[in-house]
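Trainee: I have a structure to go through before the group meeting. Can we take it in short questions and answers?

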Amino acid sequence: MKPATNGVLNELPSSKLSSTVTDSALNESNESENFDTSKVSIELMGIDDLADVFHLGEILFTSGSTPILYRTWDAYEVTGAFQTNPDTSYVARDDQGRLAGFGLGTIIEKDTAWTYGYVTWLGIHPDWQGKQVGERLMAAMEHRMALDGVRMFLVDTSADNTGAIRFFDKMGYGSREEHLYLWKTLRGDAETRQRHTRERSEELEP
Ligand SMILES: CC(C)(COP(=O)(O)OP(=O)(O)OC[C@H]1O[C@@H](n2cnc3c(N)ncnc32)[C@H](O)[C@@H]1OP(=O)(O)O)[C@@H](O)C(=O)NCCC(=O)NCCS
């Protein structure tokens, strides 16, 4: 179950995947927060990134391509990640300062020996897909999580998002568990819903 502040309370079957954080995640990662290459650098998400991240999500999580993710993506996902997970949420920017991608992660503390990491959202700009930006964002999050004592890192996506599933497979998230979500639409007051949407959008205004 995802924490209340994250967004992918998927309403359809999803694939849950996990990977145990190993020493190699620590060894292969750079100690600094910046994974410089000639084109893209990975950095912690800052307040100036919030609007760009939200808008990239709107491009990626559309009703046509990712209907489930689309339904749960909103401004609050971004501001919530910034407020509650400032150390585990990253952006990738190219050498022109344009946003190439983002990865929003969170740590789930349990009353057990295990601490879990969780990717709430991962999105790469279409221009940058297939160029290892996602891989590097995952490496940054895994590295941070491992330093914070996370032993298992969880990801999930809808069952029909085959590209993302292959990506996570490639990243080593091979253990999977099918999970079925069931849903019903709650009838509510349209005016209240519109006010909520407006208030959340206003949170992104500078
Ligand atoms: C899924 C996603 C995060 C992958 O990021 P990416 O930067 O394009 O992926 P990378 O270039 O780092 O890929 C690393 C490896 O994953 C695999 N992979 C990535 N995307 C793939 C795809 N669409 N189909 C098959 N394999 C894929 C490849 O094996 C790739 O290695 P290779 O380039 O050596 O062949 C990105 O396509 C995306 O943002 N999709 C839309 C949003 C989404 O679905 N997010 C995930 C759920 S929140």
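Trainee: Which residue in β6 is the bridge partner of Tyr-116?

Mentor: This is a predicted model: local features need pLDDT of at least 70, side-chain atom pairs count only at pLDDT 80 or more, and totals for chains, interfaces and linings use all residues. Residues are numbered from 1 along each chain as its sequence is written. Strands (E, at least two residues) and helices (H or I, at least four) are DSSP runs, numbered from the N terminus. In β6, Tyr-116 has as its bridge partner Met-152.

Trainee: How do β5 and β6 run, parallel or antiparallel?

Mentor: Two strands pair if DSSP finds at least two bridges between them. β5 and strand β6 (residues 152-158) are joined by three bridges, and they run parallel.

Trainee: How many bridges join β4 to β5?

Mentor: A hairpin of five residues links β4 to β5. Within the pair, Ile-107 stands opposite Gly-117 in β5. Strand β4 (residues 99-109) and β5 run antiparallel, and the number of bridges is nine.

Trainee: How many of the ten residues of β5 are buried?

Mentor: A residue is buried if 20 or more other C-beta atoms lie within 10 Å of its own, exposed if 12 or fewer, and partly exposed in between; C-beta atoms are placed from the backbone. β5 is mostly covered, and its buried residues number eight.

Trainee: Why is α5 largely enclosed by the rest of the structure?

Mentor: Helix α5 covers residues 133-147 and reaches 21 Å from first C-alpha to last. The expected span is also given as 21 Å, at 1.5 Å a residue, taken as 1.5 Å times one less than the number of residues. α5 is largely enclosed because its buried residues number 13 of the 15.

Trainee: Which element gives the most to the shell around the ligand?

Mentor: 21 residues surround the ligand, with Gly-163 and Arg-166 among the closest; near means a C-beta atom, placed from the backbone, within 6 Å. β5 (115-124), α5 and α6 (162-170) each supply at least two residues of the shell. The biggest share, five residues, comes from α6.
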